[in-house]
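Subject: Structure for you to look at

Hello,

Here is the structure I said I would pass on. Please open it first; my notes on what was found in it follow below.

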Amino acid sequence: MGMQTDVKQAHLNGSGFLVKSPVRVKGVSFYGSGSAGTLVLFDTSAAAVSASVTYGRSGTTVTVTKTAHGLITGDVIGIHFATGTGGTATDGTYTITRVDANTFTLTDINTGTITGSPAAVYAVGRWLLTYECDTTDVFQNAPLIPSEGVRALTGVYAYASNIAAAQIYYG
């Protein structure tokens, strides 16, 4: 039998920090609020930015708009994209290119065209995972995280949209 480590739990009823130190996320559980919901975990030391963030995609170039975003070329962000007309960009961790004070771009690992102005949420740091539930999902969800879990180098911030509660189990 291998070495065992204690597993701890953190709980939120909205968006916020679950842990502010390096950990391995070994499990997640959450339940919806009766509306389509999204839970995104970021590895970051700063709260995720969600207010007035929009994006579009042409080919592999994703253009993100956020007034006074404060980022510079070479910053690494974790980002989650809402579905737009034509599909959705790919959630992940990307190095950005600053276009101006209100716009930056990143290169998606997939290609497509997204029109309109769908929403996005990002954090300086890394994207860890995204879970979504539909309108009728008001049950406890506990998706499997394989192997030794997902490593957060800095801390774990949860962005919760229409999620009644979320927990992580970590060690």
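This is a predicted model: local features need pLDDT of at least 70, side-chain atom pairs count only at pLDDT 80 or more; totals for chains, interfaces and linings use all residues.

Overall form

Read along the sequence, the pattern is β-β-β-β-β-β-β-β-β-β-β-β-β-β. The radius of gyration is 16 Å, close to the 16 Å given by the globule rule for 171 residues, so the chain is as compact as a globular protein of that length. Along its principal axes, the C-alpha trace spans about 50 × 35 × 25 Å. The accessible surface of the chain is about 8,400 Å², and carbon and sulfur atoms account for 52% of that. Of the 171 residues, 43% count as buried. If you take the contacts between residues at least 6 apart in sequence, 81% of them join residues at least 24 apart.

One case of such sequence separation involves V7, in the segment before β1. V7 and Y170 are 163 residues apart in sequence, yet their C-alpha atoms are 5.3 Å apart in space. Leaving out residues up to four places away in sequence, V7 touches K26, Y169 and Y170.

In soluble globular proteins, nonpolar side chains tend to be buried together. In this model the largest nonpolar core has 23 residues, and the members that touch the most others are L18, V28, F30, L39, L41, V156 and I168. Two or more residues of this core come from each of β1 (8–12), β2 (16–19), β3 (23–32), β4 (37–43), β11 (126–133), β13 (156–161) and β14 (163–170). Apart from this core lies another, of 16 residues, including V62, F81, A89 and L106.

Leaving out residues up to four places away in sequence, L39 touches V28, F30, L129, T130, Y131, A158, Y159, A160, I163 and A166.

Strand β4

Why is β4 described as largely enclosed by the rest of the structure? The reason is that 7 of the 7 residues of β4 are buried. Both faces of the strand are covered. G37, L39, L41 and D43 are buried on one side, and T38, V40 and F42 are buried on the other.

The pairing of β4 can be followed strand by strand. β4 and β11 are antiparallel and are joined over 7 bridges, with T38 having E132 of β11 as its bridge partner. β4 also runs antiparallel to β13, with 6 bridges between them. Here L41 stands opposite A158 of β13.

A buried threonine in a loop

T90 lies in the loop between β6 (76–81) and β7 (92–95). Is T90 buried or exposed? Buried means under 20% relative accessible area. T90 has a relative accessible area of 17%, so T90 is buried. The side chain of T90 makes a polar contact of 2.7 Å with the side chain of D108. Residues touched by T90, leaving out those up to four places away in sequence, are R57, F81, D108, I109 and N110. Of these, F81 is also among the residues of the 16-residue core.

Regards

How values were computed:
Residues are numbered from 1 along each chain as its sequence is written. Side-chain values use heavy atoms; hydrogens and water are left out. A nonpolar core is a set of buried Ala, Val, Leu, Ile, Met, Phe, Trp, Tyr and Cys residues joined through side-chain atoms within 4.5 Å. Buried means under 20% relative accessible area, exposed over 50%, partly exposed in between (1.4 Å probe, protein chains only). Helices (H or I, at least four residues) and strands (E, at least two) are DSSP runs, numbered from the N terminus. Contact means heavy atoms within 4.5 Å. Two strands pair if DSSP finds at least two bridges between them. A polar contact is a pair of N or O atoms within 3.5 Å; within protein, one must be able to donate a hydrogen and the other to accept it, and residues adjacent in sequence count only if both atoms are side-chain atoms. The radius of gyration is taken over C-alpha atoms; the globule rule is 2.2 Å times the number of residues to the power 0.38. Accessible areas come from the Shrake-Rupley method with a 1.4 Å probe; for residues, only the protein chains shown count as cover.
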